[in-house]
Amino acid sequence: MSVPAKMNFRAVWAIYRVEMARAFRTVLQSIISPVISTSLYFVVFGSAIGSRITEIDGISYGAFIVPGLIMLSLLTQSISNASFAIYFPKFVGSIYELLSAPVSYLEIVIAYVGGAATKSIILGLIILATASLFVPLHIEHPFWMLAFLILTAVTFSLFGFIIGIWAKSFEQLQLVPLLIVTPLTFLGGSFYSIHMLPGIWKTITLFNPVVYLISGFRWSFYGKADVSVGISLGMTLVFLAVCIAIVAWIFRTGYRLRN
Amino acid sequence: MPSILSISGVSKTYATGFTALKEVNLDINRGEIFALLGPNGAGKTTLISIVCGIVNRSTGTVTVDGHDIGKDYRAARSLIGLVPQELTIDAFESVWATVNYSRGLFGRPANPAFVEKVLRDLSLWDKKDAKAITLSGGMKRRLMIAKALSHEPRILFLDEPTAGVDVELRQDMWEMVRRLREDGVTIILTTHYIEEAEAMADRVGVINRGEIILVENKAELMRKLGRKRLVMELRNPLTAIPEAFSHYALELSPDGAELTYTYDNQAERPGVASLIRDLEAGGIQFRDIDTQNSSLEEIFVNLVRREP
């Protein structure tokens, strides 16, 4: 593949616009349902259970879970947005048009991952706004909060894009999010501090990449973290690099796209 | 005539080990209508998919108006419009949105007037706000064509364009193909409906088991390979063909009232004239005679059958 002399930005924009249009067409599914489930988490964890839990690191329990809840939605929505966006044309066959168009792989990724990430970032901000209705919020490092939000959305949209290309059925499409991502997120400290875990689990949990995402994101809110913020950022970037490497390999070989 | 599309030494072996194309060489002339004929599974769609960039080739080179489809894929693909065999459209997009999307995908600036013209030409203008899912099969097919034409391609691929299409739409489609050709668009269509190729094409290529077995000017092909049939309606039915005519390879209808002689257009012997003389001499009289040209279909079936 040669390096394009001129990017086809019109194509990027065309794809991006279609992806955003789909979100607005399915506003119930893409925006309202995550907002409702987040509100339920607040009612159950924040109010019912939270009232019996003392503060964690000097933060009220309701406020403590906000960054974790946003991350939970951010991860699952980024993956499902991006994986569906590329899997669906593969499934119905309309991908022929994308493959026959004068579009580079880089442009395809920018458009699809950009669309998926935009949607989940908007969603993250909506959840943040919803949360502020339940608990008093305060964001210590707004720049880093946005940085973690964007970085995570892009990374997991890339991850979803990979799943969408790899998947050969709707079942496979759901497999990774359901069996790996959701458990890792729940066990990644969304609802607790890893310091609350007993002995050996404290170590085991450090192998969970989501711990670093949530810890870093929570630090940007309250200035307190389970692991140092530098490590959080580093781990996020490592995962981003891994996803970029896999996508590059897929495109170099035409894996499950052009064979 | 300079060729606009040049395929040389293109092979394709799928991961399963199936060889879909073997060393295909083909040149398409600028502005012609080329029909690629072949039975199901012959490699027609694979060949088109390679040219359009949907499938990677195993070996060989393809250039579109001088642009290599690998090194210079942007220039090559910009020139091509593809109407695939299957009706595959994002069902929830409106006609207007999906055609404009296609244009954008190919890097062309928005041009509502042109898109409107394409939709009007294909009788889709009054459906422009309808979602694709609500269209009939024939309209979906036209929408696929509109998408392919949205970026003003110089080469149009029509893969089995009239499969499952009613007569009226088929006529409209041929009308459109003729108009496009007048505008200088090169058209390559695959079909296994021979009459389509017969009615439309300037040249015909036959592909079978991944190999191009023939490329020929259509009229030339008909002349070369066409067989003629002479059907004689007999005054007095026969029970069997007389011994004396065995070297003519005649066929007698079951009721004995019709005698059919099939002969090669090219070969002079044994000629029609001598047959008629011999028949008269043998006392076999006929009421009427009729000659028929064999259709492209028969030519095609013969070619494909001849293959081992």
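**Before starting.** I kept in mind that this is a predicted model.

**Domains.** I looked up how chain B is divided, and found domain 1 at 3-223 and domain 2 at 227-293. I then checked how far apart the two sit: the C-alpha centres of domain 1 and domain 2 of chain B are separated by 45 Å.

**Sheet.** Next I went for an open sheet in chain B; it has 4 strands, ordered 12-13-11-14, and the pairing is antiparallel. Which strands stand at the edges? I got strand 12 (250-252) and strand 14 (286-293) of chain B. Each has a single partner strand, so one side of each goes without a neighbour in the sheet.

**Strands 11 and 14.** I followed the pairing of strand 14 of chain B with strand 11 (residues 227-234) of chain B, and it is antiparallel over 7 bridges. For a landmark in the model, I picked B:L234, which stands opposite B:F286 in strand 14 of chain B.

**Contact with chain A.** Last, I turned to the two chains. How many residues are in contact? I have 28 from chain B against 23 from chain A. I asked which elements of chain B supply at least two residues each to the side touching chain A, and wrote down helix 2 (73-78), strand 6 (80-83) and helix 3 (95-105). Sorting that side of chain B by class gave me 14 nonpolar, 7 polar and 7 charged residues.

Notes. Residues are numbered from 1 along each chain as its sequence is written. Chains are lettered from A and ligands numbered from 1 in the order in which they are written. This is a predicted model: local features need pLDDT of at least 70, side-chain atom pairs count only at pLDDT 80 or more; totals for chains, interfaces and linings use all residues. Two residues are in contact if their C-beta atoms, placed from the backbone, lie within 7 Å. Ala, Val, Leu, Ile, Met, Phe, Trp, Tyr, Cys and Pro count as nonpolar, Asp, Glu, Lys and Arg as charged, and the others, Gly among them, as polar. Two strands pair if DSSP finds at least two bridges between them. Domain bounds come from an automatic or database domain assignment.
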